[in-house]
Amino acid sequence: MESIDLIVLRTASTWLAQGRRVMLATVVRTWGSSPRPTGSMMALRDDGRAVGSVSGGCIEDDLIHRYTTAFGAAGLPQGTPEVVRYGVSADEAHRFGLPCGGTLELVLEFDPALESLEKLLFDLDRGNLVRRSLDIASGEVALTSTPTPEALQFDGTRLINTLGPGYRMLLIGAGALAEYVATMALFNGFKVTVCDPRIEYMDTWSVAEVELVSGMPDDEVVAFRPDPRSCVIALSHDPKLDDLALLAALQSPAFYVGAIGSRRNNQSRRERLIAHFGETEQSLQRLRGPIGIYIGSKTPAEIAVSVMAEVLAVKNAVPLARDQLVAEAKEQRESTSPAWA
């Protein structure tokens, strides 16, 4: 499953190629609580069809009415981009379903240039990171390659949005847990690759839209070329597969590197990597394990929820308290439980 940004841009491009009128809306500023973060996009067609979202639904309804229904036969307006703001007053915030004090600002582009959108999609499909710069006064768009992701920038006159290769996940091991993690990663917009040289596991894999590779995991990590939008997770429970893959991943800029297992298995893994591969406690600081957020999970599906929640928290730069992590939470529960419990 593609990321929602790619779906919006691809749909807008398709509609324009069909000769339809299109409006592209981007969230550029938020104040207080907001249903969607800056950079969120929505494409609106002249007949009211829409893809993507900029809020919880009420603002989308208003945009559809204001820019299609209200114009009737005239269709979508033409001209340079507009800047609109929702939720300035308490009454308006309530009307549009925004939390108390929530306000958001949108940039609306009318009939973005098809050639520019096609060039952007061409670069994104090839894994490039692209800086899209929109001049509000003229509506002109410039596309440039960039080596690093950047936060959205908007100063009232220019919108700069860095769009890049979607987030990727490499899973080591193709067992039942990997199928649940892969499924959750897919509907969160990750492109998923699963590596397992064990034929008996690969032959029973059932999740579609996943790339399957059967080389040795450390070689596949190198071939995967993890970047700052990548995560590598070892799920095989087999040190012969997991250890070297984790070592290779730790040499990369992947935003998340971790392995499943109990607290005892996690400690044994660290001891092996230090004793046999020259690692140190400092060099293993980025290695997460036992992975996941503590929710008392027992089944593969519940464990996958726990793991995916931690991955998303790290991706979104949300700090996790120690008592939310599996190892610390279990130790705390054990230390406070009565002996007879």
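Q: On a 1 Å grid over the protein atoms alone, a pocket is an open set of points with protein on both sides within 12 Å along at least five of seven lines, and a cavity is a set where a 1.4 Å probe fits but cannot get out. What volume does the largest pocket have?
A: This is a predicted model, where local features need pLDDT of at least 70 and side-chain atom pairs pLDDT 80 or more, while totals for chains, interfaces and linings use all residues. Residues are numbered from 1 along each chain as its sequence is written, and side-chain values use heavy atoms, with hydrogens and water left out. A volume here is the space filled by probe spheres set on the points, which are joined across faces, edges and corners. For the largest pocket that comes to about 1,000 Å³.

Q: Which residues lie closest to the centre of the largest pocket?
A: Lining residues have an atom within 4 Å of a point, and the largest pocket has 31 of them. Helices (H or I, at least four residues) and strands (E, at least two) are DSSP runs numbered from the N terminus, and α1 (4–17), β9 (158–163) and α10 each give this lining at least two residues. Closest to the centre are Asp5, Pro37, Tyr167, Arg229 and Lys315.

Q: How many charged residues line the largest pocket?
A: Ala, Val, Leu, Ile, Met, Phe, Trp, Tyr, Cys and Pro count as nonpolar, Asp, Glu, Lys and Arg as charged, and the others, Gly among them, as polar. Sorted that way, the lining of the largest pocket has 14 nonpolar and eleven polar residues, and its charged residues number six.

Q: Which residues sit nearest the centre of the second largest pocket?
A: The second largest pocket has a volume of about 840 Å³. Two or more residues of its lining come from each of α4 (114–125), β10, β11, β12 (211–213) and α7 (217–224). By class, that lining splits into 16 nonpolar, nine polar and eleven charged residues. Out of 36 lining residues, the ones nearest the centre are Gly127, Pro165, Gly166, Arg168 and Lys191.

Q: Which element gives the most residues to the lining of the largest cavity?
A: There is one cavity of 30 Å³ or more, and it holds about 50 Å³ of space. Its lining is made up of Leu9, Thr26, Met41, Glu109, Leu120, Arg132, Leu159, Asn161 and Leu163. Five of these count as nonpolar, two as polar and two as charged. Three residues come from the top contributor, β9.

Q: Is Glu109 buried or exposed?
A: Glu109 belongs to strand β5 (residues 103–110). Buried means under 20% relative accessible area, exposed over 50% and partly exposed in between, using a 1.4 Å probe and protein chains only. Because its relative accessible area is 3%, Glu109 is buried.

Q: Which side chain makes a polar contact with that of Glu109?
A: Contact means heavy atoms within 4.5 Å, and beyond four places in sequence Glu109 touches Val22, Met23, Leu24, Pro81, Arg132, Leu134 and Val141. A polar contact is a pair of N or O atoms within 3.5 Å, one able to donate a hydrogen and the other to accept it; residues adjacent in sequence count only if both atoms are side-chain atoms. At 2.8 Å, the side-chain partner of Glu109 is Arg132.

Q: Which elements do the buried residues of α5 pack against?
A: Helix α5 (residues 176–187) has twelve residues and reaches 18 Å from its first C-alpha to its last. Its buried residues are Leu177, Ala178, Glu179, Val181, Ala182, Met184, Ala185 and Leu186. Just past the helix, Gly189 has a positive phi of about 90 degrees. The buried residues of α5 pack against β10 (168–172), β11 (191–195) and α10 (300–315).

Q: What relative accessible area does Arg225 have?
A: Arg225 lies in the loop between α7 and β13 (230–234). Its phi is near 50 degrees, a positive value in a residue other than glycine. Arg225 counts as exposed because its relative accessible area is 67%.

Q: What is the phi of Glu209?
A: Glu209 sits in the loop between α6 (199–202) and β12. This residue is exposed, with a relative accessible area of 58%. Although Glu209 is not a glycine, its phi is positive, at about 65 degrees.

Q: Which residue does a cis peptide bond join to Pro290?
A: Pro290 is in the loop between β15 (287–288) and α10. Omega of the cis bond is about -10 degrees, and the residue joined to Pro290 is Gly289.

Key
The expected span of a helix is 1.5 Å times one less than its number of residues.
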